[in-house]
Amino acid sequence: MTQDAETGLTRWDRRYLGLAAHIREWSKDPRGRVGAVLVAPELNRIVATGFNGFPSRVEDDVDRLSDKPTKLDMMVHAEQSALLFAGREARGCTLYVVGKPVCNHCAVLSIQSGVRRVVAAAPRNGTKSEWDRRGHISARLFVEAGLRFDAVPGDLLATLMPGEAGAAATLDPTPTPAG
């Protein structure tokens, strides 16, 4: 596959990111929709997809979705959903994520599941966003575990998420808790 010299992403990478962007629209979260696609690279076969939402059989109640602490306690992340559906088939796969940087919990699950590559937005530097803080922890985990991480360029994110100004608009501005 031919890689773009500037981004290192292939045509198939862009297609799977486009699919993750489409799948993120299925989320009912009013603040941060995230989509994930898990692909077996040998055959370019989609193994599983996921979007952030409440667990199966749990009502997507508007009050719960509007109450941030409750929502965060109950939400299944897109990456978690895709990994759960994939099971053992996640081993050796590439995980494509659109909507937020990969959090530390999803990074741990990705590593433990045997994912070999992640393609997602990189966390921003110099913000007080909790998602950026978690994204930086993920980056360190990926390096230590030998997992390849390819950052999606901001201009591509802007194309995938029109009207959201790329990754910056989807990141929760919630400051990192003091302590």
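View 1. Buried here (under 20% relative accessible area, 1.4 Å probe, protein chains only) are Asp13, Tyr16, Leu17, Ala20, Ala21, Ile23 and Arg24 of helix 1. Seen down the helix axis, these buried residues fall within an arc of 165°, so they line one face of helix 1; the arc is that of the directions from the axis to the C-beta atoms. This is a predicted model, in which local features need pLDDT of at least 70, side-chain atom pairs count only at pLDDT 80 or more, and totals for chains, interfaces and linings use all residues. Residues are numbered from 1 along each chain as its sequence is written, and side-chain values use heavy atoms, with hydrogens and water left out.

**View 2. What covers helix 1, and how helix 1 starts.** Strand 1, strand 2, strand 3, strand 4 and helix 7 (154–160) are among the elements that cover its buried residues. Helices (H or I, at least four residues) and strands (E, at least two) are DSSP runs, numbered from the N terminus. At the start of helix 1, a side-chain oxygen of Thr10 comes within 3.3 Å of the backbone nitrogen of Trp12.

**View 3. The largest nonpolar core.** Look here for 24 residues, with Leu38, Leu95, Val97, Val102, Val115 and Val118 having the most contacts inside the core. Such a core is a set of buried Ala, Val, Leu, Ile, Met, Phe, Trp, Tyr and Cys residues joined through side-chain atoms within 4.5 Å.

Definitions and conventions. Buried < 20%, exposed > 50% of the residue type's maximum accessible area, 1.4 Å probe, protein only. Contact = heavy atoms within 4.5 Å. Polar contact = N/O pair within 3.5 Å; in protein donor to acceptor, adjacent residues only side chain to side chain.
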